[in-house]
Amino acid sequence: MNAAGDIHVELKSVTRTYAARAGHGAIHALGPVDLTLRRGEFVGVVGPSGCGKSSLLEIVAGLAMPSTGRVTFEGALVEGRVPNGVGVVFQEDASFPWLTVGDNVAFGLKRAGIDAAEIARRVDHAIGLMGLNQFRKAYPSQLSGGMRQRVCIARTLVLRPRLILLDEPFGALDQQTRLLMGEELLRLWRDSGATVMLITHSLDEAAMLSDRVAVMSSRPGRFLEMLETGWPRDRDSRIVADPRFGRFTSRLWELIRDESRKALDLP
Amino acid sequence: MTSPGFWRLVTVAAAVLALEALCRGGVIDPYTMIAPSQMALALLDMVRHADWFWADARYTFQNVAAAILLSIMLGFPIGLGIHALPRLRRVLNPVLLSYYSVPTFVFYPLLIVIFGIGPASLIVMGAMFGIVAMICATLAAIDRIPRVYNKVARVAGMSACETALRIQLPAATPHLFTGLKLAVAYSVIGVIAGEFILATAGLGRQLTLAYNEFDSPKMYGLILLILIAVAALNGVLQGLEARLYRRWYRS
C-alpha cells in the first residue's frame with residue numbers, strides 16, 4: 001500500500017499572490033514551489049513566520065487556488081474544491097460551541113450517512129484516543145484551548161481521511177501534551193496508512209513526527225531544502241533523546257535561522 | 001440581592017410608585033393620566049367584561065406574531081444573501097443604515113390599496129418595520145462567525161445552503177438575538193400603529209376608539225397591556241440569549 005514512489009500529492013510550480021488592496025501592493029506570498037508527497041508518508045513543513053506555510057496548506061487542501069501552477073491529489077487536479085478523502089485540522093479553534101464534544105466529533109460522520117452504531121463506535125474510539133472520555137457531554141466552552149483542539153483533531157480523524165493536513169494543530173497545547181499527542185498522531189498515521197502534511201513552527205515537532213521535513217524560505221516561501229529524518233516508522237516521542245535528533249534539529253535551525261532573521265527584518 | 005436585574009426592578013417600581021403618587025395627589029389631573037393602579041384595574045375589567053377584548057387581542061397578537069415570523073424568515077436569508085455578495089452589501093449598506101429615518105407609515109395607504117383593510121396590510125406593515133433590523137443583525141452576526149467554520153464546511157463538502165443551516169445559523173444564533181429583539185419591537189410598533197391609523201379590529205383600533213371617546217381607563221388599560229406583552233416577550237428573548245451565552249461562552 002505504501003510503496004515508495006507512489007505519488008499521492010504533487011505540486012508543480014505553484015505560486016500564490018494576493019491581489020493589491022487599498023494602500024498595499026500585490027503580495028507574492030508563495031512559490032514557485034514543487035512538492036511531492038508519497039502515499040503514506042509524513043511530511044513536515046517548517047519556515048519563518050509569514051512565509052506562506054498556511055497558504056501552501058490551503059492550496060493543497062483545495063481551499064485556495066494557486067495563482068500559477070497545478071496541484072494533483074491521487075492523480076486528479078485540485079481546483080479550489082476540497083477533494084474527497086482530505087481532512088484538515090486548522091490552527092484556530094474550530095470546535096462548534098453549540099454541540100457537545102461527542103456531537104462535534106460525530107458531525108462529519110452524521111453528514112456522511114454512516115449508521116448510528118458505527119458512528120458511536122468511531123466516536124468512542126476517537127474520544128478515548130484524545131483523552132476526552134470524561135468530557136463527551138461537555139460543551140467546548142467548558143474545555144481548555146488544548147482540549148478543544150483535540151476535539152477538532154478527533155473530528156477530522158474519525159472520517160479516516162487518506163490525506164491529513166495539519167496546520168499547527170498542537171499550537172495551543174503544553175509541551176508534554178504536544179509530545180503525547182504527537183505520539184498518538186504517529187500511531188494513527190501508522191494504523192491508517194494516511195499521508196500526512198504537518199505545518200508547524202516547532203522544529204522539534206517536525207523532526208520527531210516527520211519522515212521528511214521541508215524547510216521554507218522567508219516570503220515568498222520557497223523550499224530551501226527537503227531533509228530525510230531517517231527515523232523508523234514505529235518511532236515515538238523517545239526519539240528526542242537520540243543524539244541524531246539533536247543533530248537533525250540543529251541542521252533545521254541552521255537552515256532556517258537566516259530566513260527567520262529576514263522575516264523579522266533583523267540585521 | 002444587588003444584581004442589575006434587581007436594580008432595574010427597583011427603578012421601575014419607584015417610577016410606578018412616583019406616578020401613582022403624582023396622580024393620586026392631583027399633580028397630574030385624571031383627564032390627562034390615570035394612576036397606574038387604576039390602569040391595572042381597567043385592564044382587568046376589560047379582560048373580564050369587555051365583549052370585544054379577546055377577539056381584538058387575538059387579532060393583534062396573531063398579526064404581530066405573523067409579522068415577527070415574516071421579518072425573521074425573510075430577514076435572515078436576505079441577510080445571508082447580502083453577506084455572500086460583498087459588492088451588493090457595499091451598495092445596500094447606506095440604504096439599510098438610513099432605513100429607519102424613512103417614515104415607513106407613508107406606505108400604509110399603498111398597502112391597503114394592494115392588500116385591502118385587513119390582517120395582510122398590517123402584517124406586511126409590521127414586517128416592513130422588523131425585517132431591516134433582522135437583516136442588519138444577520139449581517140453583523142455572520143461577520144462575527146469565525147472564518148474557520150466556513151473552512152470546516154468547505155472541507156466537509158457542504159453546499160452553501162447546508163452551510164447556512166448547519167453552521168452559520170447556529171453559530172450566529174447568540175448574535176442574532178439583538179436583531180430578534182428589535183424585530184419584535186418594530187413589528188409590534190408596525191402592527192399596532194397600523195391598527196391605530198386604519199383597521200377593522202385589533203387593540204390599536206380599540207386604542208383609537210378610546211382616545212376619540214375620552215375613555216381614559218380603557219386607553220391606559222390597553223397601553224398597559226401592550227407594554228406588559230412587549231416586556232414579557234423581550235424578557236423571554238433576553239433570558240434565552242443569556243442562557244445561550246452562558247452555555248457557549250462560559251470560559
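Predicted model: local features only at pLDDT ≥ 70, side-chain atom pairs only at ≥ 80, totals over all residues.

Reader: Let's begin with chain B. How many helices and strands does the secondary structure of chain B come to?

Author: Chain B has 10 helices and 0 strands. Along the sequence the pattern reads α-α-α-α-α-α-α-α-α-α. The C-alpha atoms of chain B fill a box of roughly 70 × 55 × 30 Å along the principal axes.

Reader: What percentage of the residues of chain B count as buried?

Author: Of its 251 residues, 33% count as buried. In chain B, among contacts between residues at least 6 apart in sequence, 76% join residues at least 24 apart.

Reader: Now the helices, please. How do I describe two that pack together?

Author: Two packed helices are described by the angle between their axes and the distance between the axes. Take α8 (residues 160-197) of chain B and its partner α10(B): their axes come within 9 Å and cross at roughly 170°. An angle over 145 degrees counts as roughly antiparallel, so α8(B) is roughly antiparallel to α10(B).

Reader: Which residues of α8(B) and α10(B) meet?

Author: On the α8(B) side they include B:F177, B:L180, B:V184 and B:V188, and on the α10(B) side they include B:V230, B:L233, B:L237 and B:L244. By class, this contact of α8(B) with α10(B) has 14 nonpolar, 2 polar and 2 charged residues.

Reader: Let me try α7 and α8 of chain B. At roughly what angle do their axes cross?

Author: The axes of α7(B), residues 147-155, and α8(B) cross at roughly 160° and come within 11 Å. These two helices are therefore roughly antiparallel to each other. As for handedness, α7(B) passes α8(B) in a right-handed crossing. From α7(B), the contact uses B:Y149, B:N150 and B:A153; from α8(B), it uses B:T163, B:I167 and B:A171. Those residues divide into 4 nonpolar, 2 polar and no charged.

Reader: Which residues of α7(B) are buried?

Author: They are B:K151, B:V152 and B:V155. To see how they are arranged, look down the helix axis. The buried residues of α7(B) fall within an arc of 100°, so they line one face of the helix.

Reader: What covers the buried residues of α7(B)?

Author: The cover includes two elements of chain A, namely α1 (53-61) and β6 (86-89). That brings us to the contact between the chains. Here 15 residues of chain B are in contact with 16 residues of chain A. On the chain B side, the elements giving two or more residues are α7 and α10 (216-248). The most comes from α7(B), with 6 residues. By class, the chain B side has 9 nonpolar, 2 polar and 4 charged residues.

Reader: Finally, backbone angles. Where should I look?

Author: Start just after α7(B), where B:G157 takes a positive phi of about 75°. Then look for a positive phi in residues other than glycine. One of these is B:F214, with phi near 55°, in the loop between α9 (203-212) and α10 of chain B.

Definitions and conventions. Residues numbered from 1 in each chain as written. Chains lettered and ligands numbered in written order. Axes fitted to C-alpha atoms, helices over the stretch in contact; angles between N-to-C directions. Helix = DSSP H or I, 4+ residues; strand = E, 2+ residues; numbered from the N terminus. Parallel < 35°, antiparallel > 145°, perpendicular 65-115°, else oblique. Left-handed = near helix turned anticlockwise from the far one by under 90°. Contact = placed C-beta atoms within 7 Å. Nonpolar A, V, L, I, M, F, W, Y, C, P; charged D, E, K, R; others polar. Buried ≥ 20, exposed ≤ 12 C-beta atoms within 10 Å, placed from the backbone. Arc of directions from axis to C-beta.
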